Amino acid sequence: MERYKSIIPNFKAFRDECQKEAVQAVRKNSLKTCDDFEEKLKKDFPEASKSPWNRDVYRLPRNASPGKNMLHWRGEYYVQEESASLPVEILNPRPGEKVMDMCAAPGGKATQIAEKMDNEGLVVANDDSSKRLQSLHANIYRTGSAIIDVTNYDGRRVPGTDSFDRVLVDAPCSGEGNNARRSFKASSKEERDHLSDLQFQLLEKASQLIKEEGTVVYSTCTFAPEENEAVIRRGVDELGLELQDINTDAPHRRGVEEFEGTEYGEEMSKTVRVYPHHMNSGGIFVARLGK
Ligand SMILES: C[S@@+](CC[C@H](N)C(=O)[O-])C[C@H]1O[C@@H](n2cnc3c(N)ncnc32)[C@H](O)[C@@H]1O
């Protein structure tokens, strides 16, 4: 990860955080729970505290096991890293819309989308891994996300054009934002280059799937600019997408304008990078684009 020293301010805090376990977090699911959620949560996790920027997310102690709790099994919450809840906050889906989650398994973000839409409209949750669809189906059922239809396409070959209000591309990536805690090693050049091409092709299909006024949100959980700003640069230059500024209360840094001699441009300040030390959570990159 030393590779990123020049773009991660406060590198010491970043490194120190990566030596620790992530803070556990759960996202309240209003499709299944009621007003007494916080009371019930605090009964089992007295130290639970609300995220300062996302009123649906609660932080739990690092050693908590929220996946073994009845509130989880009843779908009253979804175990999700705090930073992972950011892309859907930025996607901002509304009830009644038609939304595509192109790389959806195991369903953390697809179920968050259905919850934000109050189970009104349609969410197509797609993933090309049939194995991972099992957990996607289980999570949809457990959370009562009744408006989600599941499909099993390679995202680059999803049929149709101009049909969705919003498309989320939570792209397959080298996962450095999670791996930092395990190995603190950056991904290889070969892996980054291969993924960058795939990610661009997924973004290209997403740009075809949105309606004229539609929105695409692109996210990864990696630090590599090749998989983040480089993909967005190509989206703007080659697909004619318009990069939109992101306003969020979540602690973050802006996307990088240059890295290792490659210029991505000033516009990248409209994108967002969250590092592990920002909210004791995984790393994430988010960009929002329109046609
Ligand atoms: C970062 S994970 C998605 C996590 C998910 N959005 C969530 O919040 O739970 C990336 C997903 O992309 C899927 N994937 C990889 N290549 C794909 C492709 N070509 N088309 C569609 N999905 C793909 C993987 O199977 C994996 O489930």
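Trainee: At what distance does a nitrogen atom of the ligand lie from a polar backbone atom of C103?
Mentor: Please note that this is a predicted model. A polar contact requires a pair of N or O atoms within 3.5 Å. The ligand nitrogen and the polar backbone atom of C103 are separated by 3.0 Å.

Trainee: Which residue has an N or O atom in its side chain 2.7 Å from a nitrogen atom of the ligand?
Mentor: Around the ligand there are 21 residues, and those that come nearest are G108, D127, R132, G155 and D170. The side chain that places an N or O atom 2.7 Å from a ligand nitrogen is that of D170.

Trainee: Which residue is joined to A105 by a cis peptide bond?
Mentor: Omega of this bond is about 5 degrees.

Trainee: Are helix 8 and helix 9 parallel or oblique to each other?
Mentor: The axes of helix 8 (residues 189-209) and helix 9 (residues 229-239) come within 10 Å and cross at roughly 45 degrees. Angles under 35 degrees would count as roughly parallel. The two helices, helix 8 and helix 9, are therefore oblique.

Trainee: What is the handedness of the crossing of helix 8 and helix 9?
Mentor: Residues making the contact include F200 and L203 of helix 8, with V231 and I232 of helix 9. By class, this contact has 5 nonpolar, 4 polar and 4 charged residues. The crossing of helix 8 and helix 9 is right-handed.

Methods. Residues numbered from 1 in each chain as written. Predicted model: local features only at pLDDT ≥ 70, side-chain atom pairs only at ≥ 80, totals over all residues. Heavy atoms only, no water. Axes fitted to C-alpha atoms, helices over the stretch in contact; angles between N-to-C directions. Helix = DSSP H or I, 4+ residues; strand = E, 2+ residues; numbered from the N terminus. Parallel < 35°, antiparallel > 145°, perpendicular 65-115°, else oblique. Left-handed = near helix turned anticlockwise from the far one by under 90°. Contact = heavy atoms within 4.5 Å. Nonpolar A, V, L, I, M, F, W, Y, C, P; charged D, E, K, R; others polar. Near = heavy atom within 4 Å. Polar contact = N/O pair within 3.5 Å; in protein donor to acceptor, adjacent residues only side chain to side chain.
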